[in-house]
Amino acid sequence: NANDADPALAAGRLLERVHSWIATGGIKESKPAGGGGGSPFNDMPPDGGLLVGLQVSRGSYAGHRVVKSIQPIFHTGEGIKYGQVHGQPSNKIVEVRAKEGYAIGGLSVRSGNRVDGMDIIFMRITNHGLDPANVYRSEWIAGQGGGGPTMLGGDGSAVVGIYGGVGAEFDRVGLILAAPKQADAGSN
């Protein structure tokens, strides 16, 4: 589609579709990565938005590098908005944001009882969703411990939020995905 070539136009059209999908119940959660502990959280802009970045703080647990906190960054109809900080931030923070025309399409996460580390999969924004054939990845963030990696998202669904669990540690993370309701039959 020729309109997909204009990143701002494609993002605006996709945001319109995301609003419609959210209004008609076309949202689902990816499987989570990490342990079962902590209090649950859910972070999605009330007016809808595309997840375009994360601020991740790193620390250590039992001598291993781990994720201490995550703060989502959204592209909304009013521009860039930061979500809530989830977890216990350290002073070692990295912010990873999509280049123009891209959004977060998935996460590759290593985890055990907590989230050890991840890299972010960015996908090209089109008028109809994210293009899983046009991707780039971030550098690895935090530790390499735990099992995995586990892929969250990655099918081209628009990522509109994050969820998970936090207590004394950053226990688990998952993605909130939006797609047309009929596409909801498949699980991620």
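**Close-up views of selected sites**

**View 1. With a relative accessibility of 7%, S157 counts as buried.** Buried here means under 20% relative accessible area, exposed means over 50%, and partly exposed lies in between, with a 1.4 Å probe and protein chains only. The model is predicted, so local features need pLDDT of at least 70 and side-chain atom pairs count only at pLDDT 80 or more, whereas totals for chains, interfaces and linings use all residues. Residues are numbered from 1 along each chain as its sequence is written, and side-chain values use heavy atoms, with hydrogens and water left out. S157 belongs to the loop between β13 and β14; helices (H or I, at least four residues) and strands (E, at least two) are DSSP runs, numbered from the N terminus. Apart from neighbours within four places in sequence, S157 contacts K28, L130, L177, A178 and A179, a contact being heavy atoms within 4.5 Å.

**View 2. The peptide bond leading from G148 to P149 is cis.** Its omega is near 5°. P149 is part of strand β13, which comprises residues 147-153.

**View 3. A62 is a residue other than glycine with a positive phi, near 50°.** A62 is located in the loop that links β4 (50-61) and β5 (64-76). The relative accessible area of A62 is 67%, and the residue is therefore exposed.

**View 4. A142, although not a glycine, has a positive phi of about 75°.** Strand β12, residues 141-142, contains A142. A142 counts as buried because its relative accessibility is 3%.

**View 5. G77 and G12 lie 7.5 Å apart in space, C-alpha to C-alpha.** In sequence, 65 residues separate G77 and G12. G77 is placed in the loop between β5 and β6 (79-82). With a relative accessible area of 59%, G77 is exposed.

**View 6. The largest nonpolar core holds 47 residues, and L50, L54, I70 and M118 touch the most other members.** Such a core is a set of buried Ala, Val, Leu, Ile, Met, Phe, Trp, Tyr and Cys residues joined through side-chain atoms within 4.5 Å. At least two residues of this core come from each of α1 (7-23), β4, β5, β9 (102-111), β10 (115-125), β12, β14 (158-166) and β15 (170-178). Strand β10 gives the largest share, seven residues.

**View 7. Beyond its neighbours within four places in sequence, M118 is in contact with residues that include L54, V67 and I70.**

View 8. Of the 188 residues, 51% count as buried. Among contacts with a separation of 6 or more, 65% join residues 24 or more positions apart. The chain exposes about 8,200 Å², of which carbon and sulfur atoms supply 49%; the areas come from the Shrake-Rupley method with a 1.4 Å probe, and for residues only the protein chains shown count as cover.
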